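Trainee: I would like to learn how to read a model of this kind feature by feature, with the cut-offs stated. Could we begin with burial and work outward from there?

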Amino acid sequence: VYQQLRDLREDMDLTQRQLSEILHMHITTYVRYESGEREIPFNIVISLAKFYNVSLDYIAGLTPYKELK
């Protein structure tokens with residue numbers, strides 16, 4: 001999960017700070033989500049899937065395919 005989040009963010013050339021601002025959260029909170037130090041609430045996972053236009057399965061690591069079908 002955490003590696004997918006980092007890869008998606010980096011693919012869009014975003015910093016952790018930029019993404020935390022997009023998600024309206026403190027930078028420390030996002031950093032902890034991405035590092036696995038803190039559990040990501042489901043509503044945030046949904047927001048990330050919508051933002052990146054990928055499936056929840058991809059973010060969860062259940063499929064290697066980013067594309068929505």
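Mentor: A residue is called buried when its relative accessible area is under 20%, exposed when it is over 50%, and partly exposed in between, with a 1.4 Å probe and protein chains only as cover. By that rule, buried residues make up 35% of the 69 residues in the chain. This is a predicted model, in which local features need pLDDT of at least 70 and side-chain atom pairs count only at pLDDT 80 or more, while totals for chains, interfaces and linings use all residues. Residues are numbered from 1 along each chain as its sequence is written, and side-chain values use heavy atoms, with hydrogens and water left out.

Trainee: How many helices and strands does the chain have?

Mentor: Helices (H or I, at least four residues) and strands (E, at least two) are DSSP runs, numbered from the N terminus. The chain has five helices and zero strands, so that the order of elements from the N terminus reads α-α-α-α-α.

Trainee: What radius of gyration would a compact globule with 69 residues have, and what does the chain have?

Mentor: The radius of gyration is taken over C-alpha atoms, and the globule rule is 2.2 Å times the number of residues to the power 0.38. For 69 residues a compact globule would come near 11 Å, and the chain agrees, because its own value is 11 Å. Along its principal axes, the C-alpha trace spans about 30 × 25 × 20 Å.

Trainee: Which residues touch the most other members of the largest nonpolar core?

Mentor: As a general idea, nonpolar side chains in soluble globular proteins tend to be buried together. A nonpolar core is a set of buried Ala, Val, Leu, Ile, Met, Phe, Trp, Tyr and Cys residues joined through side-chain atoms within 4.5 Å. Here the largest such core has 17 residues, and Leu19, Tyr30, Leu48 and Ile59 touch the most other members. Two or more residues come from each of helix 1 (2-11), helix 3 (27-35), helix 4 (42-52) and helix 5 (56-60), and helix 4 gives the largest share, five residues. Taking contact to mean heavy atoms within 4.5 Å, and leaving aside neighbours within four places in sequence, leucine 48 is in contact with Leu5, Leu19, Leu23 and Ile59.

Trainee: Where in the chain is a positive phi found in a residue other than glycine?

Mentor: Most residues other than glycine have a negative phi. Histidine 24, although not a glycine, has a positive phi of about 60 degrees; its place is in the loop between helix 2 (16-22) and helix 3, and it counts as exposed because its relative accessibility is 74%. Asparagine 53 also has a positive phi, near 60 degrees, and lies in the loop between helix 4 and helix 5, where its relative accessible area of 53% makes it exposed.

Trainee: Which residues is leucine 68 in contact with, leaving aside its neighbours within four places in sequence?

Mentor: Leucine 68, in the segment after helix 5, is in contact with Asn53, Val54 and Ser55. Leucine 68 and valine 54 are 14 residues apart in sequence, and their C-alpha atoms are 5.6 Å apart in space.

Trainee: How many residues apart in sequence are serine 35 and tyrosine 2, and what is their C-alpha to C-alpha distance?

Mentor: Serine 35 and tyrosine 2 are 33 residues apart in sequence and 6.2 Å apart in space, C-alpha to C-alpha. Serine 35 is found in helix 3 and is partly exposed, because its relative accessible area is 40%. Aspartate 57 and tyrosine 33, by contrast, are 24 residues apart in sequence and 17 Å apart in space, again C-alpha to C-alpha. Aspartate 57 lies in helix 5 and is partly exposed as well, at 42%.
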